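Let's take a friendly walk around a protein and its ligand. Have a look at the model below, then read on.

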Amino acid sequence: MGIYQQLGLKQVINASGKMTALGASAVHPSIAQAMGEAAMDYVEISELMIVAGRHIAEATGAEDGCPTSGAAAGIAISVAAVIAGCHLSLIERLPFSEGLNNKVIIQKGHAVHFGASVPQMIALGGGKVVEVGQANHVEEDHLREAIDDQTAALLYVKSHHSIQKGMQSLDTMLQLGREFGIPVIVDAAAEEDLRRYVAMGADLVIYSGGKAIGGPTSGFITGRADLVAACRAQYKGVGRAMKVGKEAIAGLLVALGQYAPEKQNVPEQCRRVEWLARELNSLPGVKAVIAQDEAGRAIYRVQVQLDERVTKMTARELTRQLEQGNPAIFTRNHYVNTGMIAFDPRPFHEGQEHIIAARMKELLQKQGEGE
Ligand SMILES: *Cc1c(COP(=O)(O)O)cnc(C)c1O
């Protein structure tokens, strides 16, 4: 019996992707082992932070890195760092930042919710949020005119959560940052490419450890040495409330060392989705196809379109029943309102596609016979 079942919880089959609500990633045994060993021993945390920074820098091509408890903490700590630097009295004063250069400029279409609010994380680090333009339209002048001598940073959110149309590019923000001598922070929480934004010239880049990298609940900031040192210094201030444990740091570093986005097991994924699509296509009112990720990543999912007149059940109702079963099955529901759900094979444990096929048969055939 698994630990969650011992605690009285239902088993979960995750067919939705890397979802914080389901615990983000299930780590590889080698990562879990590193975390276990780290948990059972002592280490000088200040040295661990420095060594971790070197490993992060190697993985990203930046000068240095700083582990965090997650990408959300990474936003708050980065903002605190650009406001307070390594100045202890200022670090201890945050998030109260009156009189300091505390404005953080963000395009309105980037002031989004990722499970919590980006502007709130900026405020947590002492930033005064300056949203510019409109939700679907920002011009360079909006950014340029917002910059003044109290501006601490420009923040760019690279994410599917951001509005994709009508925003100014990261290149434009980097150019403005250089022109005015203001650091540019990139929230790249779920991005697969750990080097791209550093190489483009961003001053600080934030990643989640539990998303693309497949590590434990954790995160990191990477970038310019002086600013990363200031990030580490925030653990004497607001960062303390977001402390990252030695176990998580150990797991994060092992995950980073093993990370190779191009080596994700695509043939194995394809075998699973082909099998599942064939099984589901035999069900009444179900049309299953294999679809590549919308953003063009090498992810192949089973996309299921229900003919709700035949199934007598909406896609929304089907997902509800899948979630209420035991094991509970969670699907990818971005298009559920159009009668479509998807199964993401990446988080599957061995053989879980068989449990999904059986449960789908049970729910949809029962429905057909119920007439
Ligand atoms: C997930 C996410 C975060 C938060 O990451 P955590 O590691 O869960 O704290 C922040 N920003 C964006 C854009 C995200 O997608």
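How do the residues of the shell around the ligand divide into nonpolar, polar and charged? There are 5 nonpolar, 5 polar and 2 charged residues in that shell. Here Ala, Val, Leu, Ile, Met, Phe, Trp, Tyr, Cys and Pro count as nonpolar, Asp, Glu, Lys and Arg as charged, and the others, Gly among them, as polar.

This is a predicted model, where local features need pLDDT of at least 70 and side-chain atom pairs count only at pLDDT 80 or more, while totals for chains, interfaces and linings use all residues. Residues are numbered from 1 along each chain as its sequence is written, and side-chain values use heavy atoms, with hydrogens and water left out.

**Around the ligand**

Among the residues around the ligand are Phe114, His161 and Asp187; a residue belongs here if one of its heavy atoms lies within 4 Å of the ligand.

| Residue | Part with the N or O atom | Distance |
|---|---|---|
| Ala72 | backbone | 2.9 Å |
| Ser208 | side chain | 2.6 Å |
| Lys211 | side chain | 2.9 Å |

Taken alone, the ligand exposes 390 Å², and the protein buries 88% of that (Shrake-Rupley method, 1.4 Å probe).

**A residue in helix 3**

Ser46 sits in helix 3, which covers residues 45–60 (a helix is a DSSP run of H or I, at least four residues). Ser46 counts as exposed because its relative accessibility is 52%, and exposed means over 50%. The C-alpha atoms of Ser46 and Asn136 are 44 Å apart.

Note on methods. A polar contact is a pair of N or O atoms within 3.5 Å; within protein, one must be able to donate a hydrogen and the other to accept it, and residues adjacent in sequence count only if both atoms are side-chain atoms. Helices (H or I, at least four residues) and strands (E, at least two) are DSSP runs, numbered from the N terminus. Buried means under 20% relative accessible area, exposed over 50%, partly exposed in between (1.4 Å probe, protein chains only).
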